[in-house]
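Please read the report below with the sequence and the coordinates at hand.

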Amino acid sequence: MKYDLLIINANTRKYGDGQMIAVKDGRITAIGASLKQDAAQIIDAKGNLVTESFVNGHLHLCKVFTLEMAGQAALGEYHTSGMGGAMTSIERAADFKAAYDESWILRNVREACNMALRHGNTHIRAFADVDPKARLEGVKALIKAREEYKGKVELQVVAFPQDGIAREPGTEELMRQAMDLGADVAGGIPWMEYTKEEEQAHVDFACGLAKEYDKGISMLLDDVGDAGERTLEMLCKKSIEMGWQGRVTAQHCRAMELYNENYFRKLTALMKKAGIGLVSDPHTGPLHARVKDLLLAGVPVALGQDDISDAYYPYGECNMLQVAFLASHLLWMTSFADMELLYDMVTTGAARVLGIKGHTLEVGGNADLVVLDQKDVWHAIWKHTPPVYVIRNGVDVTLR
């Protein structure tokens, strides 16, 4: 059999070095030290690391490159040491969305997707604001980009009520319209509401929408310096009630750092029962979910870029190795064993959280791969340079 693609002289995390990886029809068909070198394209990894491509668990893609439009006032509030101003930050960043227009959003999205591709980031859970100010402009832009980048970068478009539902009359109907347009995931941010009753109603609405359209769920939860916030618990209970295990993702959950140990352990058990994975973006705020403790308890965790030059974070380039590098410092994950966990959180572990099947470098796995210019995980995270080759569905899609 002639392969579509053959990677030679590869160092792999599972099989060691000196490996060949053969690809046919978008799948990995063979891995070994002495395969027949008969392929339409042969890539020499030169002893460097070859792994699954990178997965970004959380990016506000409708907002990329809008910092100058939105202004810097929100940055100061969101990044206060206790994150007590997180709600105020979101409120201050809301007004500029009246200028949302599909055309300029789409241009920015294309630039971000090209950045992602350059850095081997082939799967992104992409959030688009839905509210009376943003209307459906972001959703429409992201859906267009999803089609344009099909076969290169997979976008999972999340309809996201950033400013709340009870707080923003008319958002419920816009969310339904976003799902009708083709959004892939129902989003939510219940902690933005003013009362516990409204928080619960927010969770119930978003989950009901997901069930009606048979879609997954992604919610930003307890993203504030307030140990009294419990919206993650609400989502866990609702997911169990719905039978939606494995289809629900929690983002941020920064208040977790402030919970007492007894409640944290109960919450962890509830997350496992609910089949909820978590995405952490530790570089975008001073509080962090308890990532290592969650992993130790068996809760799947991914890392996300979250933002690229917007009102909440001034940097970013869809480089998940850079995100892992930052997380290594912020979460004090600096041992070699920790680095392996970090690498999982931007590849295989992230795929598990987002429900992406077959994202593993093994026979039968998807041929979504990167050939790095570093020899191992330590150097890859340390240097966080772009891959030499990016493979998507068995095709070389490297930007040169």
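The text that follows goes from the pockets and the cavity to the strands and then to single residues.

This is a predicted model, in which local features need pLDDT of at least 70 and side-chain atom pairs count only at pLDDT 80 or more, while totals for chains, interfaces and linings use all residues. Residues are numbered from 1 along each chain as its sequence is written, and side-chain values use heavy atoms, with hydrogens and water left out.

## Pockets and cavity

Rolling a probe the size of a water molecule over the atoms shows where empty space is left. On a 1 Å grid over the protein atoms alone, a cavity is a set of points where a 1.4 Å probe fits but cannot get out, whereas a pocket is an open set with protein on both sides within 12 Å along at least five of seven lines, and lining residues have an atom within 4 Å of a point. Grid points are joined across faces, edges and corners, and a volume is the space filled by probe spheres set on the points.

The largest pocket holds about 460 Å³ of space. Its lining is made of 28 residues, of which Gly-246, Val-353, Leu-354, Gly-355 and Ile-356 are the closest to the centre. Helices (H or I, at least four residues) and strands (E, at least two) are DSSP runs, numbered from the N terminus. At least two lining residues of the largest pocket come from each of strands E8 (154-160), E10 (216-221), E11 (248-252) and E12 (276-280), and from each of helices H9 (261-274) and H13 (348-354). The greatest contribution to this lining is that of H13, with 4 residues.

The second largest pocket is lined by residues that include Thr-12, Arg-13, Lys-14 and Tyr-15, together with Asp-344, Thr-348 and Glu-362. Strand E5 (residues 50-52) provides the largest share of that lining, 3 residues.

By the rule given above, there is 1 cavity of 30 Å³ or more. Among the residues that line the largest cavity are His-60, Tyr-78, Gln-162, Asp-223, His-252, Asp-306 and Asp-307.

The table sets out volumes and lining classes, where Ala, Val, Leu, Ile, Met, Phe, Trp, Tyr, Cys and Pro count as nonpolar, Asp, Glu, Lys and Arg as charged, and the others, Gly among them, as polar.

| Space | Volume | Lining residues by class |
|---|---|---|
| Largest pocket | about 460 Å³ | 12 nonpolar, 8 polar, 8 charged |
| Second largest pocket | about 160 Å³ | 3 nonpolar, 4 polar, 5 charged |
| Largest cavity | about 100 Å³ | 5 nonpolar, 3 polar, 3 charged |

## Strand pairing

Two strands pair if DSSP finds at least two bridges between them. Strand E5, which gives residues to the second largest pocket, also belongs to an open sheet of 4 strands in the order E5-E14-E15-E16, with antiparallel pairing. E5 and strand E16 (395-396) are the edge strands, each of them pairing on one side only. Between E5 and strand E14 (residues 369-371) there are 3 bridges in the antiparallel sense, and Thr-51 stands opposite Val-370 in E14.

Strand E1 (residues 3-12) pairs with strand E2 (residues 16-24) in the antiparallel sense over 5 bridges, and the two form a hairpin with 3 residues between them. Thr-12, which lines the second largest pocket, stands opposite Gly-16 in E2. E2 is in turn joined by 5 bridges to strand E3 (residues 27-32), again running antiparallel, with Ala-30 as the bridge partner of Ala-22. The hairpin of E2 and E3 has 2 residues between the strands, and Asp-25 there takes a positive phi near 55°.

## Buried residues and cysteines

Buried means under 20% relative accessible area, exposed over 50%, and partly exposed in between (1.4 Å probe, protein chains only). Contact means heavy atoms within 4.5 Å.

Ala-178, in helix H6 (residues 171-181), is buried, with a relative accessible area of 0%. Apart from neighbours within four places in sequence, Ala-178 is in contact with Val-130, Leu-136, Val-139, Ala-159 and Ala-183. Although Ala-178 and Val-139 are 39 residues apart along the chain, their C-alpha atoms are separated by 6.7 Å.

Asn-319 lies in the loop between strand E13 (301-303) and helix H11 (320-330), and is buried at 2% relative accessible area. With neighbours within four places in sequence left aside, Asn-319 is in contact with His-119, Gln-305 and His-384.

A disulfide is a pair of cysteine sulfur atoms within 2.5 Å, and the structure holds 0 disulfides. Cys-62 is buried, with a relative accessible area of 1%, and its sulfur is 13 Å from the closest cysteine sulfur, in Cys-113, which is too far for a bond. Cys-253 is likewise in no disulfide, the nearest cysteine sulfur, that of Cys-236, being 8.4 Å away; Cys-253 counts as buried at 2% relative accessibility.
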